[in-house]
Amino acid sequence: MHSGDGRGGAATQQAPGWYQGGSRGQASQGQTQQPQFGQRVPQGQPSQQYTPEQLEQMYAQPAAGPADTGRMSYNDVIAKTVITLLLVVVGAAVGWNMPALMLPGAIVGLVLGLVNSFKREPSPVLILLYAAAEGLFLGGISGVFEQMWPGIAVQAVLATFCVFAVTLALFASGKWRVSKKSVKIFMVAMIGYALFSVVNLFLMLFGVTDAMFGLRGEFPLLGLGIGLLAVFLAAFSLIMDFTAITQGVKAGAPQKYSWSAAFGLTVTLVWLYVEILRILAILRGND
């Protein structure tokens, strides 16, 4: 924000910081005036001299990076994403051994997910609390499914990492990009998926269907089709996350928004894991 230009005043207002551009005006009486670049040093006034070694060290110093200027960087996003995912793992370990925390974790995770999504400024504390709550939910549901179908949790984790790695590789190679048309299709598909999920939930709550996954479990082919659609939507969400991160780094977004990027990636990965876990459960339902 620019302050008043100071024109018309008795003295020229100096700019803050190291930059003192423009004319410096008259030196006050008894105060030594520093020479401008290219001016000769008056006789009797000492000048600062640099040795060749000092000049070489000055020129050899690296330029200030995003971390030095408080800007968003890929390394910062990776570090904060690793922190949130580690907290998810810690919460999952607790939920695995205490399945009773699964439902509270799901409720708290849902509330914090909505709060973080609508906050204008990222809150690291709320994001980390969200990661811990989701970890409780994932650990609890994974432990229950593991007792029913041994090995399913490991399969779901491996499949999630495979989808993430393939999606990242496609984005990095430029073979999968976000366009306005694809975003519109994604939004329509998401609305349809959300409506189906709500209807399916109400059918389960009111006893219309007693299958474990509602209509998904009662009609396995439908369940697999919806599940594969959800996995594709989650993969596209990852592409959107990668795009937002790239744009933020290139635009020099403030460093605090690295937490927003980490939150987005964590939400998508949690959703992807749950969908894959459900697909595997449907496939193994007759074991």
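Me: Which residues are linked with Arg216 in a network of salt bridges?

Reply: Arg216, Glu275 and Arg278 are linked in such a network. A salt bridge here is a side-chain nitrogen of Lys or Arg within 4 Å of a carboxyl oxygen of Asp or Glu. This is a predicted model, in which local features need pLDDT of at least 70 and side-chain atom pairs count only at pLDDT 80 or more, while totals for chains, interfaces and linings use all residues. Residues are numbered from 1 along each chain as its sequence is written, and side-chain values use heavy atoms, with hydrogens and water left out.

Me: How many salt bridges does this rule give?

Reply: The count comes to four salt bridges.

Me: What makes glutamate 275 and arginine 278 a salt bridge?

Reply: The closest N and O atoms of glutamate 275 and arginine 278 are 3.1 Å apart, and the limit is 4 Å, so the pair qualifies. Both residues belong to helix α9, three residues apart, which separates them by about one helical turn. Helices are DSSP runs (H or I, at least four residues), numbered from the N terminus.

Me: Where do glutamate 121 and lysine 256 lie, and what makes them a salt bridge?

Reply: Their closest N and O atoms are 2.5 Å apart, so the pair meets the rule. Glutamate 121 lies in the loop between α3 (102–118) and α4, and lysine 256 in the loop between α8 (220–251) and α9, so the pair ties together parts that are 135 residues apart in sequence. Glutamate 121, at 37% relative accessibility, counts as partly exposed, as does lysine 256 at 40%.

Me: Why are α4 and α9 called roughly parallel?

Reply: The axes of α4 (residues 124–148) and α9 (residues 258–283) come within 11 Å and cross at roughly 10°. Axes are lines fitted to C-alpha atoms, for helices over the stretch in contact, and angles run from 0 to 180 degrees between N-to-C directions. Angles under 35 degrees count as roughly parallel, over 145 as roughly antiparallel, 65 to 115 as roughly perpendicular and the rest as oblique. The two helices are therefore roughly parallel to each other.

Notes. Buried means under 20% relative accessible area, exposed over 50%, partly exposed in between (1.4 Å probe, protein chains only).
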